[in-house]
Every structure is written in C-alpha cells, then in structure tokens.
Amino acid sequence: MSCFFLIGDIDVWNPANTVARVFHAEASALAEVFGTPSGLGPVVDDECSIDGRDFAHFVEVLLSEHRRTSHPVLKALLEGVIGVGLVLLERAGGEGGAIARNAGEFWEDRRRSLSRRMTRG
C-alpha cells in the first residue's frame, strides 16, 4: 500500500503508508511546536492534499529554525522533515520550487539525494 501526496493536482510523492504516516506525524508535531500550519491535510483514502502556500511557509520556518539554532539534536530532528519538504516543493514548482532551489548547498545535496529515493505515483 502507498499514499499519494498532492500539491494542487501535482503528484509530488507516493511513499509507503508507514513512511507517509511518520512524515505526516513529524510535520504535524513540528507545526504545533513552532506555531505554524504545516499545510498538510489529513490522509483520506490514502491521499494527502497539501496547501502549497502554507507548506512552503512551514518549510521556510523550519529552515529558519535550523539556521538559528546551534543545538545539534534539534538540527537533526528538523533535517528529515525539511529535506522531504524541499523535495515536495521542488516537484511542485512555482514559489515553493524557488525556496527549494535557494535553500543552500547543504540542502541542495540533501534534496537531490532524497529525491532519487522518493517515488511518485
């Protein structure tokens, strides 16, 4: 089984259900901690619609926190969601794609590496 993540009508990711649940839960928890909506809708019938504008803002907030903190564990906890988020934004294009492409060399390497492993439907 797998789940479809969509930004608008663009299929940006088709992970296994367990991977989808972990990403969704981590992103939801970080959204609560940092007081900003994640843009992720609920998973319904193995599909999750993403509000592109809210999700782009969410990823920007996480990037800002990652740059701001010197705490190595917080950085590590943020990196998974940011990395996946940048892949999704790049695949959706537009403003989100620009965020993904301009995040910096570390994130460009991370995004490319993850993207090769993140299937679409």
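**From Arg111 to a cysteine pair**

Arg111 is found in helix α5, which spans residues 105-115. The model is predicted. Is Arg111 buried or exposed? Its relative accessible area is 9%. The cut-off for buried is under 20%, so Arg111 counts as buried. Setting aside residues up to four places away in sequence, Arg111 touches Leu86, Val87, Glu90 and Ala100.

Now take the two helices themselves. Two packed helices are described by the angle between their axes and by the distance between those axes. Helix α3 covers residues 72-92, and helix α4 covers residues 94-101. They pack at an angle of about 130°. Their axes are 6 Å apart. An angle between 115 and 145 degrees is neither roughly perpendicular nor roughly antiparallel, so α3 and α4 are oblique to each other. The crossing of α3 past α4 is left-handed.

By class, the contact holds 5 nonpolar residues, 3 polar and 1 charged.

Asp54 sits in helix α2, residues 52-68. Its relative accessible area is 32%. That lies between the 20% and 50% cut-offs, so Asp54 is partly exposed. Beyond its neighbours within four places in sequence, Asp54 is in contact with Pro37, Ser38 and Gly39. Asp54 and Trp107 are 53 residues apart in sequence. In space, their C-alpha atoms are 20 Å apart.

Last come the cysteines. A disulfide is a covalent bond between the sulfur atoms of two cysteines. How many disulfides does the structure hold? The count is 0. Cys3 is in no disulfide, and its nearest cysteine sulfur, that of Cys48, is 6.2 Å away. Cys48 is likewise in no disulfide; the sulfur of Cys3 is its nearest, at 6.2 Å. Cys3 has 1% relative accessibility and counts as buried. Cys48, at 0%, counts as buried too.

Methods. Residues numbered from 1 in each chain as written. Predicted model: local features only at pLDDT ≥ 70, side-chain atom pairs only at ≥ 80, totals over all residues. Heavy atoms only, no water. Helix = DSSP H or I, 4+ residues; strand = E, 2+ residues; numbered from the N terminus. Buried < 20%, exposed > 50% of the residue type's maximum accessible area, 1.4 Å probe, protein only. Contact = heavy atoms within 4.5 Å. Axes fitted to C-alpha atoms, helices over the stretch in contact; angles between N-to-C directions. Parallel < 35°, antiparallel > 145°, perpendicular 65-115°, else oblique. Left-handed = near helix turned anticlockwise from the far one by under 90°. Nonpolar A, V, L, I, M, F, W, Y, C, P; charged D, E, K, R; others polar. Disulfide = S-S within 2.5 Å.
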